[in-house]
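Subject: Structure handover

Hello,

Here is the structure I promised to pass on. Please open it first, then read my notes below.

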Amino acid sequence: MRRLAILVVLAALGWPAAAAAQCTVSATGVNFGSYNVFNAAATDSTGPVGYRCVLPVSVQITLSPGSSGSFAPRKMVKGAERLNYNFYLDGGRSVIWGDGAAGTSVYSSTVSIFQLSTTINVTVYGRVPPQQDVSAGSFADTVTVTINF
């Protein structure tokens, strides 16, 4: 209980003016595995985005549209072929995770004093729509993850 009282006092006094918020973000690629063009169901997968801050701060995490330049849909490429997919903030895959433009949403949260220097993990929900006519092989895209604080 004593530790909590000390933390509350520090929060009430404010952080020193010389202290600056510092946050880092990391992500692991979302692997959809093998895509079957004849499967009537979507191919879903997930991946982690982690972030860590050293001071209490509000954060927003955005995802770029990738190489297609569009959020609706994003496209993985293999040569001249394109495979539609997207990333979502929710498990129901209804809220497109982007940069807040073009009908997309961003991840927003506030880092509390109890989460300082702890990695906070957020799930990226991915989906490839079914029955796209593409050849076998590896499709890829590069999406940039940005943290704003």
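The notes below cover the core, the aromatic pairs and the salt bridges.

First, the ground rules. This is a predicted model: local features need pLDDT of at least 70, side-chain atom pairs count only at pLDDT 80 or more, and totals for chains, interfaces and linings use all residues. Residues are numbered from 1 along each chain as its sequence is written, and side-chain values use heavy atoms, with hydrogens and water left out.

**Core**

Start with the largest nonpolar core, which has 23 residues. The term stands for a set of buried Ala, Val, Leu, Ile, Met, Phe, Trp, Tyr and Cys residues joined through side-chain atoms within 4.5 Å. Buried means under 20% relative accessible area, exposed means over 50%, and partly exposed is in between (1.4 Å probe, protein chains only). Y51, V59, W97 and Y107 have the most contacts inside this core. Two or more residues each come from β2 (43-53), β3 (57-63), β5 (81-88), β6 (107-111) and β7 (120-128). Helices (H or I, at least four residues) and strands (E, at least two) are DSSP runs, numbered from the N terminus.

Take V59 as an example. Leaving aside residues up to four places away in sequence, V59 touches C23, Y51, C53, Y107, S108, S109, V111, I147, N148 and F149. Contact here means heavy atoms within 4.5 Å.

**Aromatic pairs**

How many aromatic pairs does a search of the whole structure find? It finds four. Rings of Phe, Tyr and Trp (its six-membered ring) pair if their centres lie within 6.5 Å; planes under 30 degrees apart count as stacked, over 60 as edge-to-face and the rest as tilted.

One of the pairs is F32 with Y85. Their ring centres are 6.2 Å apart and their planes lie at 65°, so this pair is edge-to-face. F32 sits in the loop between β1 (23-27) and β2, and Y85 in strand β5, so the pair ties together parts 53 residues apart in sequence. F32 is buried, at 12% relative accessible area. Y85 is buried too, at 2%.

Another pair is W97 with Y107. The centres are 6.3 Å apart and the planes are at 35°, so the pair is tilted. W97 is in the loop between β5 and β6, Y107 is in strand β6, and 10 residues separate them. W97 is buried at 0% relative accessibility. Y107 is buried at 16%.

There is a cluster as well: ring pairs link F32, Y85 and F87.

**Salt bridges**

The structure holds three salt bridges. Each is a side-chain nitrogen of Lys or Arg within 4 Å of a carboxyl oxygen of Asp or Glu.

R93 bridges to D44, with the closest N and O atoms 3.6 Å apart. R93 lies in the loop between β5 and β6, D44 in strand β2, and they are 49 residues apart. R93 is buried, at 13% relative accessible area. D44 is partly exposed, at 35%.

D44 also meets R127 in a salt bridge (2.7 Å, N to O). That pair links strand β2 to strand β7 across 83 residues. R127 is partly exposed, at 26% relative accessibility. Together, D44, R93 and R127 are linked in a network of salt bridges.

K78 pairs with E81, where the closest N and O atoms are 3.3 Å apart. K78 is partly exposed at 21% relative accessibility. E81 is partly exposed at 24%.

Best wishes
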